[in-house]
Amino acid sequence: MENLAQDLLNLFTLTNMLCILLGTVVGMVFGALPGLGTVIAVALLLPVTFTLPPLAGILMLLATYQAGEYGGSISAILLGVPGTPQAAATVIDGHPMAANDSPGKALSYSLVSSSIGGIFGGLVLIFVSVPLARFALNFGSPEYFLLGVIGLMAVGLLSGRDKIKSMISVVLGLMAGTVGVDTLTGVNRATFGQPELMDGVNLVAFLVGMFAISELFIMISKGLNVRYEADRGTLKTGLTWKEIKGIGRSTTIGSLIGAGTGILPGIGGGASCWFAYAVVSKTSKTPEAFGKGSAEGIAAPESSNNASAGGALVPFLALGIPGSAAVAIIMGAFIMHGIQPGPNVFTAERDLVYGIFYGFIVTTVAMYLIGRLLTPMFARVLVIPNSFLVATVLVLCLIGIYASKGAFFDLWLALGIGVAFYILKRLEYSVSSVIIAYVLAPIIEENFRRSLTLSNGSYDIFFSSVYSIALVLMVVAAVGAAIYGELNRRRNQPDAEPTDYGVK
Amino acid sequence: MFTFLTKTAAVTMALASLVLATSPTEGAAQGYPEKPITWIVPDGAGGGLDTIVRTIYPYVEKNLPNDATFVLKNLPGATQTIAVSEVFNSAPDGYTIGQASVAPLTIMPHLGKTSYSGYEDFELIANVFDAAHYIVVPGDSPFQSLDDLLAHAKENPGAVKVGVDGVFNVQHLPLLNLEQSAGVDLNEITYKSSAESKKALLGGEIEAAIMPSHIIISEYESGTLRPIVDVMEVKPDYFADIPSLKDLGYTPSQLFVGVIAPKGTPQDIQDTLSAAIEAALQDPELLEALAKRKIMVNFNDSAAYKARMEALDVVNKGILTDLGVLK
């Protein structure tokens, strides 16, 4: 108890609190700007931390990370353009709710579920990080491959009326995911002699092209003088207790899935939001509301991406393995201060680690408070006429893409992808299927081939551990359930059409 | 008014030429630099190499004449070849320099993946630091030494799984070279990063992995991971007791990171830059900051830097020829 009091005294200093505030504001704004995102915000603040005491600097970066995860949903909800890859699933229900019902309410659902997810991730970090990190080591290449396959099956769950179009979308995403140098053989694949493509299609350019630029074309084609109808009432951001209870189940599932994928380095928040969305939409009591502005559809991905932030710190603090790109940069702050992340950090830097533990919870609280303060202002974005909005968003997108890698090539790439996806959206292809397949393609392919290298070509490796067998059974069960459900549906109501979850 | 201005200008110019005439530097370096110098960093903002360059550059600025300033330009990707190509395509006027490791200069050109043909297409200004990579085993591994590992591998060809963080790179080539010279067959497992191979090693998926020394210090101290041999030429002081390949009679590889400039950059400008880097790397304040980060500062002047590059290039080219992947 004495320790706790001392830890809290160390934590609640003016410097630490100011750093958390600054990090939160920067993270939220960068998260909300399409293309800029969490990683760039953290990288931008990294040099600032060198002049600060270690705890203050690291808390600033953590606050940026947390707030960026929520910030990504702001543009996803208001503009239909995810600010970060981790907010891509939030578009599906967040944007319709903002457009048809109330932008303020949609943002509040996101903020509340993000905060709960963040707190959950923080509690996981405090109480079970060491055993959990050890447990996560049991997941090797075969298990990662199977997890990727399960993720890809979420596409099947999300796909709309037209199964053929959905499958074409998946194939497009998988193809985009294989561009670049093959990790295992060093061969260039589909790079067309462009060095910029050797590391694959830049995720930021891909995401901004498919969501933002294509969306801007749609806004232009609808006419630039329209604006969303929003009166004072719909900008209100409060939620009633009943409304919060309504997203309880969805937030719990999202938080569990987010923290679970977060502790597995290399899976990432980009995939976890889709896992959460798929599970919640399939198990909801009101599945028909999904895709049309369901509050549960916002809460699931938003709670999961914030919980995955806490989860990604678990392998980092316990084992010195960064769980996500943003955490890898935060590791830079440790190293610059001469602190070696790894198993010794708990004993060698005890005060720092506990400061991070409790401080992480404080960053979530700061995110909620600043979110409450800024959200009404953000909600007003929709009152801006499209003629201004399109130009502003386009400029921000271009800055974001260029800032990600400093390559002009990526700007042209995003424009090309934007035109292609404008056509695909018009033809009612599922954009979400493409992005899930793109995110999962490298996880599935690399881990599959690596598994077979490890086993010298034997497929037994996929049945070699309890975890891989359990995952294989999950794949089989999911396929079985899908076939059974489809047969049942056809027998009972041959004319009914399934709900459409694809983004239009 | 007009005559006053002309007179002032004339006096200023006379004074300026007097100052210039008495300054110690001569030729093109006179007045250099007149504008900010672009320093191309082959790493994203916030990455490992990026933060190192950001730590060093103010000290180099301090040691350059004429209030020199650097503008850092991040061009990550494609094993640093995007950044190095940018240096290759820049004007050799002393206003563009770049940071580069050995892979984009002695490996990637031989794989036919670059617009330039090798390190000969650049002016090598100075080497800045070295890195050490170790073959690492889990703390409870039966392999106490490299000999144990090689003996086991000899009896069980293809059974020992060793992780590397990429294919045909600074970790993969030394491993292939070791296999060849020791006459063993290891199963090389490729991961995307050292973080991934560390996870695989701790999880028991592989028996050993090659890893940069600075990311395993904490594991070494707590006993969860054990470095058994340094595959590079230079050893960090914190692992001074652990043998290197050279100690054991094998050919070591080298991993060093220096500053390059476009071919044809005037010699006196090269000298000015090299001298400024040398002076910066003696600044105790900078040395302390780099020591904290476990960076092994190792200044080589242009000639030494070039000699090392040449030697490594021959070794790497040989390995790639034996593998049949040389382009």
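Axes here are lines fitted to C-alpha atoms, for helices over the stretch in contact, with angles running from 0 to 180 degrees between N-to-C directions. Helices (H or I, at least four residues) and strands (E, at least two) are DSSP runs numbered from the N terminus. The model is predicted, so local features need pLDDT of at least 70 and side-chain atom pairs count only at pLDDT 80 or more, while totals for chains, interfaces and linings use all residues. Residues are numbered from 1 along each chain as its sequence is written, and chains are lettered from A and ligands numbered from 1 in the order in which they are written.

The axes of α12(A) (residues 248-262) and α13(A) (residues 269-283) come within 9 Å and cross at roughly 145 degrees. Contact here means C-beta atoms, placed from the backbone, within 7 Å. On α12(A), the contact residues include A:Ile253, A:Gly254 and A:Ile257, and they meet residues of α13(A) including A:Phe275, A:Ala276 and A:Val279.

Helix α13(A) itself has 15 residues and reaches 21 Å from its first C-alpha to its last, close to the 21 Å expected; the expected span is 1.5 Å times one less than the number of residues. Of its 15 residues, 12 are buried (20 or more other C-beta atoms within 10 Å of the residue's own, all placed from the backbone). Among them are A:Trp274, A:Phe275 and A:Tyr277.

The two chains also meet, with 40 residues from chain B and 39 residues from chain A in the contact. On the side of chain B, α7(B) gives the most, with six residues.
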